[in-house]
Amino acid sequence: MAQYVGALDQGTTSTRFMIFDHAGQVVAMDQKEHEQIFPKPGWVEHDPAEIWTRCGEVIRGALAKAGLTAKDLAAVGITNQRETTVVWDRGTGKPIHNAIVWQDTRTDTIINEFAKDGGQDRLRAKVGLPLATYFSGPKVKWILDNVAGARAKADAGDLLFGNIDSWCIWNLTGGVKGGVHVTDVTNASRTMLMNLQTLEWDDEILKLMGIPRSMLPTIKASSEVYGTAVGDLAGIPVAGDLGDQQAALFGQTCFSAGEAKNTYGTGCFMLLNTGTKVVPSKSGLLTTLGYKIGNQPAIYALEGSIAITGALVQWLRDNLGMITSSADVEALAKTVDDNGGVYFVPAFSGLFAPYWKSEARGVIAGLTRYVNKGHIARAVLEATAWQTREVLDAMNADSGVPLTALKVDGGMVYNELLMQFQSDVLNVPVIRPKVAETTALGAAYAAGLATGFWAAVEDLRANWAKDKEWHPKMDAAERDKEYRLWKKAVTRTFDWLEA
């Protein structure tokens with residue numbers, strides 16, 4: 001009998017394949033980065049063919065490291081960078097354009113055009129999202145409007161669209177030779193094209209954006225069998241699909257209303273389980289799908305999305321050369337006792353939650369001759385914590401339920417200085433689980449539940465274990481003063497781009 005479950009985790013900067021045992025422990029992992037393409041300021045692209053090549057490499061790599069074959073896996077789940085948009089030819093399997101990444105801002109003119117009638121919240125009642133460059137629907141419209149011949153091919157039924165999950169599942173299950181064209185409710189809820197109540201594509205919005213329904217994947221549950229893999233995983237059920245942040249919610253076993261997690265990756269994403277209730281946000285958060293298990297009712301969530309957190313550390317490394325590896329930022333930040341009065345607001349692609357200002361651009365405020373690179377490094381880390389605080393304030397306002405502790409995951413949670421500062425500015429305990437790679441774990445859990453590898457969510461809860469907990473130490477007056485200065489710095493980013 002198969003002893004393990006696999007998860008293909010296709011992220012913004014890299015792809016990995018992870019293998020987990022029944023206790024939710026990591027058995028093996030292989031990971032590879034892919035190219036970040038920046039054709040113009042504010043534009044971010046990936047090559048979908050390169051991404052699919054990396055998928056094959058890491059699947060083979062992880063199986064080899066564990067000394068396993070596909071037959072040892074009970075199922076495979078997929079998790080993915082969510083709003084990143086791929087349009088490909090149904091007949092050839094080739095993308096007609098590079099993938100347009102979630103951070104990309106080229107659709108700002110489309111967004112502004114739509115907002116003229118009804119404002120930024122024009123579609124929010126239906127889709128839970130503000131009009132913003134972040135989401136997939138306007139990216140599809142941009143491709144159809146700007147790639148020669150694309151609209152005619154789309155109208156003829158020759159093109160397929162998907163977030164990266166759909167692209168991976170289609171290829172994994174055969175591609176042009178019978179590949180399954182599906183997505184799950186969590187990914188569909190990030191397109192701006194799905195009605196939150198019906199969990200179906202919305203015809204009115206499709207008409208508004210000029211997107212033929214024939215391009216769209218079938219919307220499924222997050223945990224059900226979609227098809228069978230070919231190639232390296234031949235014969236294995238493909239049975240889980242969750243956008244990366246919802247996968248982390250699932251992997252952190254936040255199955256009860258009121259439970260929340262924050263993932264620290266390229267960006268930062270806090271999700272609060274609101275149960276079977278759609279909770280509209282009045283504070284700049286997104287109303288989104290949390291997950292759906294088989295035929296059970298869908299679970300919703302409130303989300304605060306921050307565009308740039310770990311990416312700011314990478315920027316410090318790659319663009320400024322102040323550190324040689326991302327891990328070095330902590331040691332550099334520890335060379336000073338505080339931020340020296342410096343605040344770094346990384347609005348590189350506008351501000352996401354709770355502001356939704358695409359015209360904002362990054363600022364470093366409070367510079368004096370006293371400031372050195374240690375202070376800059378500290379301000380870089382503190383930016384992640386302060387942005388999280390703003391999202392938490394919005395969450396408390398919308399849900400009416402003050403958070404008592406925050407479960408954290410993702411690459412940055414091994415930065416002890418950041419985690420302590422996060423606890424300080426939130427004034428709640430911050431808890432890191434034993435398995436911090438909860439995104440891949442969530443996809444594995446969804447696939448394993450669908451195939452009976454795990455019987456129920458209680459089995460998954462039993463797997464969760466605490467690794468470390470941080471408690472607030474900062475004086476309340478100090479916290480309030482620092483937060484005021486942070487918010488002042490944020491206002492300096494507003495409306496930097498002129499129409």
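A residue is called buried when its relative accessible area is under 20%, exposed when over 50%, and partly exposed in between (1.4 Å probe, protein chains only). The model on view is predicted, so local features need pLDDT of at least 70 and side-chain atom pairs count only at pLDDT 80 or more, while totals for chains, interfaces and linings use all residues. Residues are numbered from 1 along each chain as its sequence is written, and side-chain values use heavy atoms, with hydrogens and water left out.

**First stop: helix H4.** Select residues 136–146, which form helix H4; helices (H or I, at least four residues) and strands (E, at least two) are DSSP runs, numbered from the N terminus. Of the 11 residues in H4, 9 are buried, among them Lys139, Trp142 and Leu144. The elements covering these buried residues include helix H2 (108–115) and strand E8 (159–163).

**Second stop: Arg82.** Select Arg82 and Asp244, which form a salt bridge (a side-chain nitrogen of Lys or Arg within 4 Å of a carboxyl oxygen of Asp or Glu) with the closest N and O atoms 3.5 Å apart. Asp244 lies in helix H9 and Arg82 in the loop between strands E5 and E6, so the pair ties together parts that are 162 residues apart in sequence.

Select Ser349, in the loop between strands E19 and E20. Ser349 counts as buried because its relative accessibility is 8%. Leaving aside neighbours within four places in sequence, Ser349 is in contact (heavy atoms within 4.5 Å) with Gln103, Thr105, Ala307 and Arg361.
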